[in-house]
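Hi there,

Here is the structure I promised to pass on.

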Amino acid sequence: MRAGRARPLRAADMKKDVRILLVGEPRVGKTSLIMSLVSEEFPEEVPPRAEEITIPADVTPERVPTHIVDYSEAEQSDEQLHQEISQANVICIVYAVNNKHSIDKVTSRWIPLINERTDKDSRLPLILVGNKSDLVEYSSMETILPIMNQYTEIETCVECSAKNLKNISELFYYAQKAVLHPTGPLYCPEEKEMKPACIKALTRIFKISDQDNDGTLNDAELNFFQRICFNTPLAPQALEDVKNVVRKHISDGVADSGLTLKGFLFLHTLFIQRGRHETTWTVLRRFGYDDDLDLTPEYLFPLLKIPPDCTTELNHHAYLFLQSTFDKHDLDRDCALSPDELKDLFKVFPYIPWGPDVNNTVCTNERGWITYQGFLSQWTLTTYLDVQRCLEYLGYLGYSILTEQESQASAITVTRDKKIDLQKKQTQRNVFRCNVIGVKNCGKSGVLQALLGRNLSRQKKIRDDHKSYYAINTVYVYGQEKYLLLHDISESEFLTEAEIICDVVCLVYDVSNPKSFEYCARIFKQHFMDSRIPCLIIAAKSDLHEVKQEYSISPADFCRKHKMPPPQAFTCNTADAPSKDIFVKLTTMAMYPEDQYRDRLSRDMGHTDRIENLRKIWVFLKTAFHARLRCMCTCNRCTFCICQNFLNSDLLQSVKNKIFTAVLNRLRAGVAEWGAMLLADDEGSITHQVHAVHSVEDSIFMESSHGPLFLEARHVTQADLKSSTFWLRASFGATVFAVLGFAMYKALLKQR
């Protein structure tokens, strides 16, 4: 890294203009300096005071508009002087090198006067200007150096001559530089080392630039750093020269041919000591820092417009960045972040952004460490609930720098208005919010934790102060990966508007508590009966003895009356992970609220376990073939792992047995069983068309840009139902489908 030609700084990175004030004793040449700069020749007649001069940005070295203001003791009062001092960005104290009295006045009058008018913590930078150097053959620096050492606000001293035009341009360049690239925030002259705030900022920059997290900047990382900061790469010889300079001064500045943090900090100390502050400031401003070494609001919170009824999601590029961030810090390659690895990731943050409740919001491994899927889920949750906080977090990680984007806003997708989704009966969203409603202790927490794959025994280990009201995980619907976000709504007589807004509602009641369903029914009638938000009722704790609910009608009759799916039995008191069927149903209802899904579900879910198992087979197979090939490990994220888990589970045998059992039962029962079912359906009669194959259609949903596309299927008439050959054909087709799918998997596995 070297001090190259810096790229033009953005307006957000610098001051809009620079105001330079010239003060000093009478007749030291203040006005002559200004007029010599403007006219490029020494004026024969010098007025008592020059008018304010504005130099356009395109003719200044730093490309910033500059205002030069003269002070005349003869024409201006003390009050006017104080006002000018308060408006100035930098002050040049002019003295005559041949006039010892004017030099003494620098410390006896001007510096104390200026300091009285400025805050101690924000002193104005000062430039000492020794004019009339053409009249003497000696330098005044011997006298000035002790003064510079005494006052840290003095940036530099310049000896010049208005008559000979010596160092006139340099004088005003240094004045600009003192404003745009001040030394004060970076360096302590007394201790001759960088200040803690500067070290902290550069350390964060180093960690962001160390993309492989090995503690050094290799040649590729140094070149990337040089290019994004200075728009110019480093030649191989230049890289070696930089390393040799570091090796010469500190022993541990270079390790394994890479620049260490100590070496990186040493280089910037060297730049500052040699007066090349602009190099360090260019780096700091490129990474979002202001003059106080704080990250600017413009950097952390870029403008992002979110219309009403729209949500925010991370796009593909953001997920790739987060995946690389996860892999960078997952040093042991166990697909989970240990507490130390997570702490290392957050070293670029000013604070720890995640609390202990995050471990109960997303998936973790057996040791309670956040997994890869849990990591992405937490970012998805933050983006959905608080996109400004997500932008801030991405800013700390250096998203816009590493991806070379304008800002973090490029990582966000703002979804379209939900009304358009309902009109078109399709959605582009990938995150769906489900509000979980019920009385206290009805089992809502169990539903949330079941989404994360935790049974009752694991839930009992959760501390009360670590509980979370949110849970988020991926769910596969017709082979598409979607995020389901569950929000536990506290029991209340009336829900707020924010508690009503969601994509689907989960009403939970306790089958062992006779008073719990009444609350669900009341909330449904108050807020959701006339809305377009689909609802699903969960009969929680179904492993316990079911009691009659103290309500006018039973939960099943209530669902039938309001054309909802029947109550779904659910329990998390299982030996393995709880079933995720209800989460697939909730996500599907959220995706297709207007696709008559509730009607189909109410007819099919009560008596079609056979077809539900066929749907499971399809989801597993489609998941496997759509998954991205990544590794041959147990990461549960690749095709190999998904299929292995499927083959090693009891599901395959269970589905096979249920299919054969269902076929035999159908052959025995024949027409009588289906006739009874059709008569039990209060929404139609046996003379209507019976959509008995809707669940079969659901199980073979095909992806399409226009929403779900059904494969062509015959409507089954009453005559078809009476024929046992229909069921033989259906079972035979299902068997062939499963065998073909398994053969495809074996072929794919063999290729790997």
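This is a predicted model: local features need pLDDT of at least 70, side-chain atom pairs count only at pLDDT 80 or more; totals for chains, interfaces and linings use all residues.

Is Pro 196 buried or exposed? Pro 196 counts as exposed, at 65% relative accessibility; the cut-offs are under 20% relative accessible area for buried, over 50% for exposed and partly exposed in between, with a 1.4 Å probe and protein chains only. Pro 196 sits in helix H6, where helices (H or I, at least four residues) and strands (E, at least two) are DSSP runs, numbered from the N terminus.

Residues are numbered from 1 along each chain as its sequence is written, and side-chain values use heavy atoms, with hydrogens and water left out.

**The chain as a whole**

The protein chain has 31 helices and 21 strands. Of its 752 residues, 51% are buried. Taking the contacts (heavy atoms within 4.5 Å) with a separation of 6 or more, 71% are between residues 24 or more positions apart.

**Helix H1 and what follows**

Helix H1 covers residues 30-39, and seven of its 10 residues are buried, so it is largely enclosed by the rest of the structure. Those buried residues are Lys 30, Thr 31, Ser 32, Leu 33, Ile 34, Ser 36 and Leu 37. Their cover includes strands S1 (18-24), S2 (53-55), S3 (66-70) and S4 (90-96), together with S5 and H5.

Arg 49 belongs to the loop between H1 and S2 and is partly exposed, at 23% relative accessible area. From Arg 49 to Lys 30 is 8.5 Å, C-alpha to C-alpha, across 19 residues of sequence. Beyond its neighbours within four places in sequence, Arg 49 has contacts that include Thr 31, Val 69, Asp 70 and Glu 75.

**Two residues with positive phi**

Lys 132 is not a glycine, yet its phi is positive, at about 65°. You will find Lys 132 in the loop between strand S5 (126-131) and helix H4 (141-150), partly exposed with a relative accessible area of 24%.

Asn 213 also has a positive phi, near 55°, and is a residue other than glycine. Its loop runs between helix H6 (196-209) and strand S9 (216-217), and at 15% relative accessibility Asn 213 counts as buried.

Asn 213 is in turn one of the contacts of Lys 207, as are Lys 328, Asp 344, Lys 347 and Val 348, leaving aside neighbours within four places in sequence. Lys 207 lies in helix H6 and is buried, with a relative accessible area of 19%.

**Aromatic rings**

The whole structure holds 24 aromatic pairs. Rings of Phe, Tyr and Trp (its six-membered ring) pair if their centres lie within 6.5 Å; planes under 30 degrees apart count as stacked, over 60 as edge-to-face and the rest as tilted. Phe 225 and Phe 264 have ring centres 5.6 Å apart and planes at 75°, so this pair is edge-to-face. Phe 225 is in helix H7 (residues 219-230) and Phe 264 in helix H9 (residues 261-273), so the pair ties together parts 39 residues apart in sequence. Both Phe 225 and Phe 264 are buried.

One aromatic cluster has among its members Phe 326, Phe 346, Trp 354, Trp 379 and Tyr 396.

Elsewhere, Arg 109 lies over the face of Trp 110, 4.2 Å from the ring centre. A charge sits over a ring if NZ of Lys or CZ of Arg is within 6 Å of the ring centre and within 35 degrees of the ring normal.

Enjoy looking around, and write back with any questions.

Best wishes
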